[in-house]
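Subject: Handover of a structure and summary of findings

Dear colleague,

Please find below the structure that I am handing over to you. My notes on what was found in it follow.

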Amino acid sequence: ILRAIELNGAAAEQNKRAFRLGRLAVHDRAAVIGLAGMDTAPLPKLAQTVEEIIEVRAKHLEVYQDRAYAERYRKKLNNLRAAEAIRVPGRHGLAEGAARSLFKLMAYKDEYEVARLYASREFGKKVREEFDGNFQLHFHLAPPAFGAVDPATGRPRKMEFGPWAMALFRVLAGLKGLRGTRFDIFARAPERKLERQMIADFEALLAEIAASLSPANHATAVELALLPLDVKGYGYVKDANYVKAKAREEVLLRRLRMADVDQSPTIPITEAAE
């Protein structure tokens, strides 16, 4: 990792120091606090219970899109939580894994989200804390709808956008309500179509898992729920990881469907969730 930082050539010494401090912080956080000259630094509160995991992500999705989008997330997971509690009492991991995966899929980083993050006060504050003097921001992006393609590789090539891009980001951030609608100018891009399809496919998968969950297939269900976390990266990198994940999904689905189904619960899952 340190050699990769050197080869990247961007603030190498500073980034290597940050990496080493991060490793030390995991081992001895007090030592890092001492190096920073701070007497006390409260530990960040991390989501622990499945309820907290879901709620933290639901609130983010409300900012990302709107309240209805966040409620859609909650509803899908509440149904799955009820199924896990009724069909495999005492077992855990399915709802937590599904909560992380569904959030990752629903919060895909499209043009509206990139714009929202750059236009946020938090981004401006961090930049001002990091740099002094009179400076300008330039952005290197490869927008799927307008980006150039490298003729040698066939892959998107990044374009440079000057400081004027901040005004564009603010406009785009305000248009996030168009995401996924017929007025979304980015919606026809293959990458955006795939992202929306992945959400729909995973929601259908969670419904199937909730309907057929049993002690015999719970472990397989957890593996299926975690699969979207393997679809990392952007563009062609993400596409390759998606193909691998789908191949693994086929194997796991066969295993899930072949397992014995426990028919003992008599309470409908949807009623239990309500």
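Among contacts in the protein chain between residues at least 6 apart in sequence, what percentage join residues at least 24 apart? The value is 64%. Please bear in mind throughout that this is a predicted model.

Overall composition

The protein chain has 274 residues, of which 34% are buried. Its secondary structure consists of 13 helices and four strands.

Asn217 lies in the loop that runs between α10 (190-212) and α11 (218-226). This residue is buried, its relative accessible area being 0%. The side chain of Asn217 comes to 3.0 Å from the backbone oxygen of Ser212. When neighbours within four places in sequence are set aside, the contacts of Asn217 are with Ser212, Leu256 and Ala259.

Within α11 itself, the buried residues are His218, Thr220, Ala221, Val222, Leu224 and Ala225. These buried residues pack against α5, α6, α10 and α12.

Salt bridges

Side chains of opposite charge can pair when their charged atoms come close. The count for this model comes to 18 salt bridges.

Glu223 is partly exposed, at 33% relative accessibility, and Arg248 is partly exposed with a relative accessible area of 33%.

Arg74 and Glu71 also form a salt bridge, in which the closest N and O atoms are 2.5 Å apart. Both residues are in helix α5 (residues 67-87), and because they are three residues apart there, about one helical turn separates them. Arg74 is buried, with a relative accessible area of 14%, whereas Glu71 is partly exposed, with a value of 42%.

In the salt bridge between Glu191 and Arg192, the closest N and O atoms are 4.0 Å apart. Glu191 counts as buried at 18% relative accessibility, and Arg192 counts as buried at 6%. Glu191 and Arg192 also belong to a network, in which salt bridges that share partners join them with Glu111, Glu195 and Lys238.

Glu111

Glu111 is placed in helix α7. Is Glu111 buried or exposed? With a relative accessible area of 11%, Glu111 is buried, because the limit for that class is under 20%. Its side chain makes a polar contact of 3.0 Å with the side chain of Arg192. Glu111 and Pro143 are 32 residues apart along the chain, and their C-alpha atoms are separated by 7.3 Å.

Arg179

Another loop, between α9 (165-174) and α10, holds Arg179. At 8% relative accessibility, Arg179 counts as buried. Which side chain is joined to that of Arg179 by a polar contact of 2.4 Å? The partner is the side chain of Gln65. With neighbours within four places in sequence left aside, Arg179 is in contact with Tyr64, Gln65, Tyr108, Asp110, Tyr112, Glu113 and Asp184.

The second largest pocket

The volume of the second largest pocket is about 290 Å³. Its lining is made up of 15 residues, and those closest to the centre of the pocket are Lys104, Ala107, Tyr108, Lys109 and Tyr234. The elements that each contribute two or more residues to this lining are α6 (94-106), α7 (111-119) and α10. By type, the lining residues of the second largest pocket comprise seven nonpolar, two polar and six charged.

Points to locate when you open the model

- Helix α11, whose buried residues pack against α5, α6, α10 and α12.
- The network of salt bridges that joins Glu111, Glu191, Arg192, Glu195 and Lys238.
- Tyr108, which is in contact with Arg179 and is among the residues closest to the centre of the second largest pocket.

Yours sincerely

Notes: Residues numbered from 1 in each chain as written. Predicted model: local features only at pLDDT ≥ 70, side-chain atom pairs only at ≥ 80, totals over all residues. Heavy atoms only, no water. Buried < 20%, exposed > 50% of the residue type's maximum accessible area, 1.4 Å probe, protein only. Polar contact = N/O pair within 3.5 Å; in protein donor to acceptor, adjacent residues only side chain to side chain. Contact = heavy atoms within 4.5 Å. 1 Å grid on protein atoms, 1.4 Å probe; cavity = no way out; pocket = protein on both sides within 12 Å on 5 of 7 lines; lining within 4 Å. Points joined across faces, edges and corners; volume = space filled by probe spheres on them. Nonpolar A, V, L, I, M, F, W, Y, C, P; charged D, E, K, R; others polar. Salt bridge = Lys/Arg side-chain N within 4 Å of Asp/Glu carboxyl O.
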